[in-house]
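Please look through the sequence and the model shown below, and keep both at hand while reading.

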Amino acid sequence: MATVLLHPRTSSPSVTPRAFLGFGTAFGALGLQEQKGYMSQGKHAEARELMYSGALLFFSHNQQNSAADLSMLVLESLEKSDAKVAEDLLENLAKLFSLMDPNSPERVAFVSRALKWSSGGSGKLGHPKLHQLLAITLWKEQNYSESRYHFLHSTDGEGCANMLVEYSSSRGYRSEVDMFVAQAVLQFLCLKNKTSASVVFTTYTQKHPSIEKGPPFVQPLLNFIWFLLLAVDGGKLTVFTVLCEQYQPSLKRDPMYNEYLDRIGQLFFGVPPKQTSSYGGLLGNLLNSLMGTGEDDDTEEGQEDSSPIELD
């Protein structure tokens, strides 16, 4: 049987590395039963610390299945306990996520449950700090699309911009350098995050090697975004309307731009929702996949539960 010692700080059972390595997956199964026993006794913090340490050890020796099982039990402990959402717990969850096989189904299930727990039962789409940590991991893995999604749900506009510069430079066409940041700004605005929208635009346009210093910019689309951010601060519907009309040639480059702008018009300029706001078909699926339940309206990063917008 595996050697079990007392943890020096918590006096909770701890398994020696030799035992973990000697018994491998077989010990992992035993360990899971032991952890469940501690959780059933209400000792969530002790069990969680043991499971987290065990998961890290399994990951360090590439025992992905056992590590993933323990990672899910860490989450189960958080879900069943009264643990407050805290930065150290979010960092632990992000660490486990970063060590999981990027292609494993367990990772998908883990991140979904982790984000749900981190929302604290508020119905939000996950804690911004956790989204930021996930985005950084995915950025390191060069999974730029997923990284962008999580950056959009964080408050890290600067990090998002730096990732987009790398994304555009390594994967995009030179003719589309403006589209990378335009999409991000419009999506941040759809999430009512004006601050990050402004930061991502300023940082991206300053750091991208293919963009000449502005404003004004050589690319009309960048000028549109610059004017739009100014218009959002002013809140004048006539300015917004004229701006969208004058830049239609640029806005036609992506069919989603006008959908984003419809939502921005509602959020910042008092434009009433369209009578046909319940989109159907593929577009409806895209629109419905973003916001889900809303965030509080009294925060700049808040989201409302109507007219969801796709952020893929």
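Predicted model: local features only at pLDDT ≥ 70, side-chain atom pairs only at ≥ 80, totals over all residues.

Although Thr202 and Ala161 are 41 residues apart along the chain, their C-alpha atoms are separated by 8.5 Å.

Ala161 also takes part in the packing of helix 8 against helix 10. Two packed helices are described by the angle between their axes and the distance between the axes. On the side of helix 8, the contact is made by Gly157, Glu158, Cys160, Ala161, Asn162, Leu164, Val165 and Ser168, while helix 10 contributes Ser196, Val199, Val200, Thr203, Tyr204 and Lys207. Sorted by class, the residues in the contact of helix 8 with helix 10 are seven nonpolar, five polar and two charged.

Helix 8, which covers residues 157-171, also packs with helix 9, residues 177-190, at an angle of about 150° and with the axes 9 Å apart. Since an angle over 145 degrees counts as roughly antiparallel, helix 8 is roughly antiparallel to helix 9. The crossing of helix 8 and helix 9 is likewise described as right-handed. Here Cys160, Leu164, Tyr167 and Ser168 of helix 8 meet Val177, Phe180, Ala184 and Phe188 of helix 9, and the residues of this contact between helix 8 and helix 9 divide into seven nonpolar, one polar and no charged.

Cys160 is listed in the contact with helix 10 and in the contact with helix 9. Is Cys160 buried or exposed? With a relative accessible area of 0%, Cys160 is buried, because that value is under the 20% cut-off. Cys244, with a relative accessible area of 12%, is buried as well, because its value is also under 20%. A disulfide is a covalent bond between the sulfur atoms of two cysteines. A search of the whole structure for such bonds finds zero disulfides.

Another helix pair is formed by helix 3, residues 64-80, and helix 5, residues 105-118, whose axes come within 10 Å and cross at roughly 15°. Because angles under 35 degrees count as roughly parallel, helix 3 is roughly parallel to helix 5. The crossing of helix 3 and helix 5 is left-handed. From helix 3, Ala68, Ser71, Met72, Leu75, Glu76, Leu78 and Glu79 meet Glu106, Ala109, Phe110, Arg113, Ala114 and Trp117 from helix 5. The residues in the contact of helix 3 with helix 5 comprise eight nonpolar, one polar and four charged.

These helices belong to a chain whose secondary structure comes to 15 helices and two strands. Of the 312 residues in the chain, 48% are buried. Among contacts in the chain with a separation of 6 or more, 60% are accounted for by residues 24 or more positions apart.

Notes:
Residues numbered from 1 in each chain as written. Heavy atoms only, no water. Axes fitted to C-alpha atoms, helices over the stretch in contact; angles between N-to-C directions. Helix = DSSP H or I, 4+ residues; strand = E, 2+ residues; numbered from the N terminus. Parallel < 35°, antiparallel > 145°, perpendicular 65-115°, else oblique. Left-handed = near helix turned anticlockwise from the far one by under 90°. Contact = heavy atoms within 4.5 Å. Nonpolar A, V, L, I, M, F, W, Y, C, P; charged D, E, K, R; others polar. Disulfide = S-S within 2.5 Å. Buried < 20%, exposed > 50% of the residue type's maximum accessible area, 1.4 Å probe, protein only.
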